[in-house]
Amino acid sequence: MQIFALLCILAVMAIASFYLGRQRALAVSGGNIPALNSLPGYYGYYMAFWCALPALCIVVFWLFFESSIVTKIVVSGLPDAAAALPKPQLDLVLNEIVNLAQKNTAAEQASPEIAAAAQHYSRIKTISGMTLFVLTITLGIGGAVFARSRIHVHQRARNKVEGTILVFLIVCSTIAIFTTLGIVLSVLFEAIRFFQMVPVTDFLLGLEWSPQTAIRPDQVGSSGAFGAVPLFSGTMLVSVIAMTVAVPVGLMTAIYLSEYASPSVRARSKPLLEILAGIPTVVYGFFAALTVAPLIRGWGESLGLSVSSESALAAGIVMGIMIIPFVSSLSDDAINAVPQSLRDGAYALGATQSETIKKVIIPAALPGIVGGILLAVSRAIGETMIVVMAAGLAANLTANPLESVTTVTVQIVTLLVGDQEFDSPKTLAAFALGMVLFAVTLALNVIALYIVRKYRERYE
Amino acid sequence: MSVVFESRFSFTSERRKGERRRQSRASASTAIVPREERQTVGAAAVENPRIRCMDVNVYYGSKQAIKNVSLDIGSHEIVAMIGPSGCGKSTFLRCLNRMNDTIDNCRVTGDIFLDGQNINEQSIDVVPLRAKVGMVFQKPNPFPKSIYENIAFGPRIHGLAQDKTDLDEIVATSLQSAGLWNEVKDQLDQPGTSLSGGQQQRLCIARAIAVNPEVILMDEPCSALDPIATAVIENLMIELCAEYSIVIVTHSMQQAARVSHRTAYFHLGDLIEVGATEHVFMRPMHQLTEDYITGRFG
């Protein structure tokens, strides 16, 4: 709350310095704007940046390091016996102190040492807050005054402001990159911990998956089995079914829409396809589980087949339907990228529209289409909600689409739902599975983008 | 006249071009039809035409792009169509093999006879028509396939080859006629797009020849090429007209003068003047033709 107020004050100061900077620039130019190096607004921004940015940096810096520094001071103020405690217990004591200081716990229950430490803690916090406040306001005013003193006719405010904005843009784009890197590293480290408990070969080549470990060592099934092959095969099976549905339908849709459909049909049906892409996957999930799966089961029974109520087929078909717009819009792009001159060339030789499409347009667009399909495969592999609801949990090693299978994503969900302990292989297995999933989809995306790029070079 | 006649077979030097320009200026007094007159002057009809167009009109939506054009294309002749940009010469060319069908709101009326058959009737199948009337475009547009497959495409879809030997034969003779054989005979499996611009354009000509056409339409075939490649293509056209009728749209009056037997001058959708190339360039009968070839506009 305090920080929020501080930021509001800072914002008001920045806005004020914008107007002051503008005024100053106008005053310096003596009303002759063309004489200024930049438009007056740029001088305003220049001053506002000088006011806000250094102060903001201090606030961010403070937020990062305040708690650890305050904790250090509090710990040093504790009696020697407490300070010498091992880390986990020290953390507990500190927690108690912080809770007491924030009045989450009643003061009567606390020991006098803790109460004293809590008071110490509150005092330091208050001092720290005051210091930050004063420092920020001073820096803000100081920056503004400094910037104002530097405004003169030949000052290149525009270049400086644009340079600052460039830095801001670079920071924004690196945020996404570093977040990705952070996710990859965290998954990687947890996966490494998992592989210290379960050998990589057992994980990648084992045929049995039953991650439930017993609490006591003498119970049945105490070890758990972490052979992920049934998961990989299940994922493959569902993805293959999905692609069997999505690729032909999506491709035909794209061919019809880009080559045959009249503009009015295209204008109406494209948004409808986009709606298909906009349906939440959880809705597809219960469509698969409650509509498609019983339907398939009914058909199977009427043919004398035994179909489990959660089948790979149901999940795969619905996932395929979900991916259709993805395949069709990427194929559509690829087909539209084929230059009209090639169509004209084929027509001028007497080719019919169908021959032109089959023999000229599809071959020319093939790299783009393949790239699109690979991107769709990586989506199918990573898709979670439909398979969680419709494919089942039993890790069957089977190629029969009528049986229930489970996928990598489903297992990640089940392993991480509920209470976890982060030292058991059961929980850590999720990270290993995530790692594999990430590696596969990354490889598919890289290959797909490579193919698409190679294809683009041909026509540009 | 002799200048133009010579230049059809040898390439006009700068000096000669200047000479011809001066002659056509000097002959300005022969222009008799005033600018406002839009009736076609000159001889639009020939004896035993390969293609006879009668009162052709083309509309894009409500806009009329070609107005009542009648023009004959004779056998074994090269007809050049010239005129300022947007005058409808490419549109007219595309009527001759029904390529305007591929444009959504385009409507063509009038009669176009090819070998006595009206090809502008809706009932006509465009597949054999386009095999008879081949087309070469402004920008070389080889298919992204091998050189061999580029040529074999047409014969395959029309079922012209009995077997592989036949097809090889067609590919070889087409490339020979297009003067490309010696350059590519050892790399027939290379992509057609790997050739140079001039070679690609000759590949497209070979591709059109491969389906055994009677007429070849060329829509500014040299405008994307350098002068040397242009010269090669122009020589090729002169050789090819022994077997085919060629209709060429061009922006270059020098090119029209060098290669064509007859020249048609289009202006804003009207066919203004048509006649033997040397007459049109040296003694234009219409004031608009005179203005255009002397560079007063366009």
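Predicted model: local features only at pLDDT ≥ 70, side-chain atom pairs only at ≥ 80, totals over all residues.

Trainee: Okay. What domains does chain A have?
Mentor: The domain assignment gives domain 1, residues 2-155, and domain 2, residues 225-459.

Trainee: How far apart do the C-alpha centres of those domains lie?
Mentor: In chain A, the centres of domain 1 and domain 2 are 50 Å apart.

Trainee: Now helix 13 of chain A. What does it span between its end C-alpha atoms?
Mentor: Helix 13 covers residues 353-382 and spans only 38 Å. A straight helix of 30 residues would span 44 Å.

Trainee: Where is the kink in that helix?
Mentor: Look at Leu366(A) in helix 13 of chain A. The kink there is about 55°. Leu366(A) comes shortly before the proline Pro367(A).

Trainee: Switching topic. How many residues does each chain put into the contact?
Mentor: Chain A gives 16 residues, and chain B gives 21.

Trainee: Which elements of chain A give two or more residues to that side?
Mentor: Helix 12, residues 340-348, and helix 13. Helix 12 of chain A gives the most, with six residues.

Trainee: And how do the chain A residues divide by type?
Mentor: On the side that touches chain B, eight are nonpolar, four polar and four charged.

Trainee: On to chain B. What's the strand order in the open sheet of seven strands?
Mentor: The order is 1-11-10-4-9-8-7, with mixed pairing. Strand 1 (41-42) and strand 7 (133-136) of chain B are the edges, and each pairs on one side only.

Trainee: Pick one pair for me. Do strands 4 and 10 of chain B run parallel or antiparallel?
Mentor: Parallel, with four bridges joining strand 4 (residues 78-82) to strand 10 (residues 262-267) in chain B.

Trainee: Which strands does helix 8 of chain B touch?
Mentor: Helix 8, residues 197-209, packs on the sheet and touches strand 7 and strand 8 (215-219) of chain B. Its direction makes about 170° with that of strand 7.

Trainee: What about the open sheet of four strands?
Mentor: In chain B, that sheet has the order 3-2-5-6, and its pairing is antiparallel. Strand 3 (63-74) and strand 6 (117-118) of chain B are its edge strands.

Trainee: How many bridges join strand 2 to strand 3 of chain B?
Mentor: Eight, and strand 2 covers residues 49-60. Pro49(B), for one, has Gly74(B) in strand 3 as its bridge partner.

How values were computed:
Residues numbered from 1 in each chain as written. Chains lettered and ligands numbered in written order. Expected span 1.5 Å × (residues − 1). Bend = angle between axes of the 7 residues up to and from the residue. Domains from an automatic or database assignment. Contact = placed C-beta atoms within 7 Å. Nonpolar A, V, L, I, M, F, W, Y, C, P; charged D, E, K, R; others polar. Pairing = 2+ DSSP bridges. Axes fitted to C-alpha atoms, helices over the stretch in contact; angles between N-to-C directions.
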